[in-house]
Amino acid sequence: MPFPTVHPALARAIEARGYAEPTTVQAAVADPDTAGRDMLVSAETGSGKTVAFGLAIARTLLGEAERFGEARAPRALVVAPTRELALQVERELAWLFAATGARIVSAVGGMDPKREARALSAGAHVVVGTPGRLRDHIERGRLVLSNIDAVVLDEADEMLDLGFREDLAFILDGTPAERQTLLFSATLPAEVVRLARSWQRDALAIDTIDSRKAHADIEYRALRVSPAEIEKAVVNVLLRYDARASLVFCATRERVRSLAAALEARGFEAVALSGEMGQGERNEALAAIRDGRARVCVATDVAARGIDVADLSLVVHADLPNDREALLHRSGRTGRAGRKGAAVLIVPHTRRRKAEGLLAHAGLQATWSSAPGAEEIRAAEDERLVADPIFSRPADPADADLVRRLAEGHDPEALAAALVALWRRGRPRPERIFEAPRRAEQPAAAAADGGTGVWFRLGTGRRDGLDVRHLLAMICRIGGVDRREVGSIRLADEETLFEAAAGSVVAFDQAAAAGEGARLGLARIAGAPPAPVRTAPRPAGRKPHPGVRPARALPPHPQRASRRG
């Protein structure tokens, strides 16, 4: 389907950009019947909505004119929730309106306000900005709204979530009442609908999201991991996919900093993106991921708003998102413009129910598995090497003599071995991950009664200040299991015996080989468990086991106390 009738200058820009046909939202918004109307548009991230509202406001601003006149007070205002998104919108509108002589000015937090003030005083046709900075310029008299013919609120749901309602009201109340108002939102919660009723007139509702094929170009995977191995799982996922550009989401700024540093220490070209960074740092991080100097960007939800990287093919949820909207928005950074992508959720066993609820609420099907191990990563790397297009390229004539000398001086297998060694040199190494077990079908306590549990020994007990309650928490942490998979616990002074459900035995066997399990002498007991040996009382002054909280003395149970009395 060709593009609908659009302004000739914009049509030429679209053709030069290589767009053969419009996306769903572009076709709907640019339909001749929508000309000049207010619109409430529900559109997915990555659906081409910036070009869509550019086409819509062009009809309002230009009419039949080929070019804009002299730049004075702005004719259109585009409001976006974050700096990154606003700057992305500015770039998109710049090429779309290039042939019309449009002067487009940005006004965003974190940038030099004096430079923006000078740009505004020189005149503009379109101003793109964030709510807080736009309000500041309006209050200081730098931004005059009396000539505004069109207003676009981009990602309205996110602006409300970030608390910009008061700023939006202030901005819109200062524009002419007869303006055209376009409101774009990935979701339409009740507050967004109320916003539309307050600030739009007879708005045309356009829903371009097909819930049955949400993010059809994105493959979803959910990986079961132990809570202590989230970072290792992220490392192995990045190695398994080896994407040209990847985005890793964390819940907090602190997590962003620590994970980005950990990835860099392992040899990844990684950058961080979080709210406390200065705009210069944020711009540099985004430039690095776009031009290939970095291949991994670790970011918070808010900081990642507006990130648009053409080759971003992998999104990793290192921390689970809070809700369906966040899941879809994060994942929507990939699988854009018809390209395929992958979204991987790292799911600690303690958060599995939340992950399942998020996926179900979003109408998404994910493939559940363990985190990729060294063998899977090695196999994937081998396939990438064998399929590398470098083998089909003609040799550079300048290297002909060196190629001949290598071919004459070495047999083919030696050359291939050297190539493989060079390929692996300097690459980050996979992490060893203990597979988080699937849920046991029955609690281990029930398994113990039936004689199907497996017993393990830990070299710690009462003398280290432990009681059964703290031991249960320690055992679950070491094995990466929940308490339903631990049955009987026999506590002695120097050691502890515990029963594990059949489904968690592999996890405990793996835990015995490294980490906390190895330090505490975790080992499987062959055959029936012997009764643990109770030794003499702990000598006064002996310190508890390092890292173990001593058991608290509990008050006597009232009923038992009365019986003793």
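**Entry 1: Asp202**

I began with Asp202, which has 65% relative accessibility and therefore counts as exposed. The model is predicted. I then looked up where Asp202 sits: in the loop between helix H9 (190-199) and strand S7 (204-207). The phi of Asp202 is near 45 degrees, a positive value in a residue other than glycine. I noted the background: most residues other than glycine have a negative phi.

**Entry 2: Asp242**

Next I turned to Asp242. Its phi is near 50 degrees, again positive in a residue other than glycine. Asp242 lies in the loop between helix H10 (230-241) and S9. Is Asp242 buried, partly exposed or exposed? I found a relative accessible area of 23%, so Asp242 is partly exposed. The cut-off for buried is under 20%.

**Entry 3: the sheet**

I followed S9 into its sheet. Seven strands form an open sheet here, and the pairing is parallel. I wrote down the order as S10-S11-S9-S12-S13-S8-S14. Which strands stand at the edges? They are strand S10 (270-273) and strand S14 (367-370). Each has a single partner strand, so one side of each is left without a neighbour in the sheet. Neighbouring strands of this sheet are turned by 20 degrees against each other on average, direction ignored. I reminded myself that strands of a sheet pair through backbone hydrogen bonds.

I then checked one pair. S9 (residues 245-249) and S11 (residues 296-299) pair in the parallel sense over four bridges. In that pair, Ser246 stands opposite Val296 in S11. I also looked for a helix on the sheet. Helix H13 (residues 324-331) packs on it and touches strand S8 (218-225), S9, strand S12 (312-317) and strand S13 (341-348). The direction of H13 makes about 150 degrees with that of S12.

**Entry 4: strand S13**

How many bridges join S8 to S13? I counted eight, and the two strands run parallel. Within this pairing, Leu223 has Ile346 in S13 as its bridge partner. S12 also runs parallel to S13, and four bridges join them. There, Val316 has Val344 in S13 as its bridge partner.

Then I checked burial. Eight of the eight residues of S13 are buried, so S13 is largely enclosed by the rest of the structure. Both faces are covered. On one side I listed Gly341, Ala343, Leu345 and Val347 as buried.

**Entry 5: helices H6 and H8**

I moved on to a helix pair. Helix H6 (residues 131-139) and helix H8 (residues 165-173) pack at an angle of about 40 degrees. Their axes are 9 Å apart. H6 and H8 are therefore oblique to each other. Their crossing is left-handed.

Which residues make the contact? From H6 I noted Pro131, Gly132, Leu134, Arg135, Ile138 and Glu139. From H8 I noted Glu166, Asp167, Leu168, Phe170 and Ile171. The residues of this contact divide into six nonpolar, one polar and four charged.

**Entry 6: Gly129**

My last stop was Gly129, found in strand S4 (residues 126-129). Its relative accessibility is 0%, so Gly129 counts as buried. I looked up what it touches, leaving out residues up to four places away in sequence. The list for Gly129 is Val78, Val79, Ala80, Ala86, Ala107, Val108 and Leu134. I also checked the spacing to Gly109. Gly129 and Gly109 are 20 residues apart in sequence and 8.3 Å apart in space, C-alpha to C-alpha.

Definitions and conventions. Residues are numbered from 1 along each chain as its sequence is written. This is a predicted model: local features need pLDDT of at least 70, side-chain atom pairs count only at pLDDT 80 or more; totals for chains, interfaces and linings use all residues. Side-chain values use heavy atoms; hydrogens and water are left out. Two strands pair if DSSP finds at least two bridges between them. Axes are lines fitted to C-alpha atoms, for helices over the stretch in contact, and angles run from 0 to 180 degrees between N-to-C directions. Contact means heavy atoms within 4.5 Å. Angles under 35 degrees count as roughly parallel, over 145 as roughly antiparallel, 65 to 115 as roughly perpendicular and the rest as oblique. A crossing is left-handed if the near helix is turned anticlockwise from the far one by less than a right angle, and right-handed if clockwise. Ala, Val, Leu, Ile, Met, Phe, Trp, Tyr, Cys and Pro count as nonpolar, Asp, Glu, Lys and Arg as charged, and the others, Gly among them, as polar. Buried means under 20% relative accessible area, exposed over 50%, partly exposed in between (1.4 Å probe, protein chains only).
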